[in-house]
Amino acid sequence: MEFDRAVDAKGQSCPMPVLLTAKAAKEMTSGEVMFLEATDAGARSDIPAWAEQTGNELLESSEEGDVLSFYIRKK
């Protein structure tokens with residue numbers, strides 16, 4: 001999937017993956033897609049919850065080993 005911005009939150013503990021995601025989203029324009037990678041297990045539920053609360057669209061999420069990947073479209 002194509003994306004406009006990548007956020008590397010691997011190795012960051014909660015709440016950093018959500019904070020980094022929120023910071024990147026503020027710098028993006030509507031319709032752009034963010035690719036986020038995180039290793040904190042809390043991101044599995046935190047990122048979808050953040051997307052829902054902020055009105056952004058979680059397009060896809062996957063898990064490979066200990067790396068969680070998310071594609072999020074900015075509202």
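This is a predicted model: local features need pLDDT of at least 70, side-chain atom pairs count only at pLDDT 80 or more; totals for chains, interfaces and linings use all residues.

Student: Which residues of helix α1 are buried?

Tutor: Buried means under 20% relative accessible area, exposed over 50%, and partly exposed in between, with a 1.4 Å probe and protein chains only; helices (H or I, at least four residues) and strands (E, at least two) are DSSP runs, numbered from the N terminus. In α1, which spans residues 16-26, the buried residues are Pro17, Thr21, Ala24 and Ala25. Viewed down the axis of α1, the buried residues fall within an arc of 100°, so they line one face of the helix; the arc is that of the directions from the helix axis to the C-beta atoms.

Student: What covers the buried residues of α1?

Tutor: Contact means heavy atoms within 4.5 Å. The cover of the buried residues of α1 includes strands β1 (5-9), β2 (33-38) and β4 (67-73), together with helix α2 (43-54).

Student: How many salt bridges does a search of the whole structure find?

Tutor: A salt bridge is a side-chain nitrogen of Lys or Arg within 4 Å of a carboxyl oxygen of Asp or Glu, and a search of the whole structure finds six. One of them joins Arg5 to Glu27, with the closest N and O atoms 2.4 Å apart. This pair links distant parts of the chain, since Arg5 lies in strand β1 and Glu27 in the loop between α1 and β2, 22 residues apart. Arg5 is partly exposed at 30% relative accessible area, and Glu27 is partly exposed at 43%.

Student: With which residue does Lys23 form a salt bridge?

Tutor: Lys23 pairs with Glu27, the closest N and O atoms being 3.2 Å apart. Lys23 is partly exposed, with a relative accessible area of 49%.

Student: Where in the chain do Glu37 and Lys10 lie?

Tutor: The side chains of Glu37 and Lys10 meet in a salt bridge (3.2 Å, N to O). Glu37 is in strand β2 and Lys10 in the loop between β1 and α1, 27 residues apart, and the pair thus links distant parts of the chain.

Notes:
Residues are numbered from 1 along each chain as its sequence is written. Side-chain values use heavy atoms; hydrogens and water are left out.
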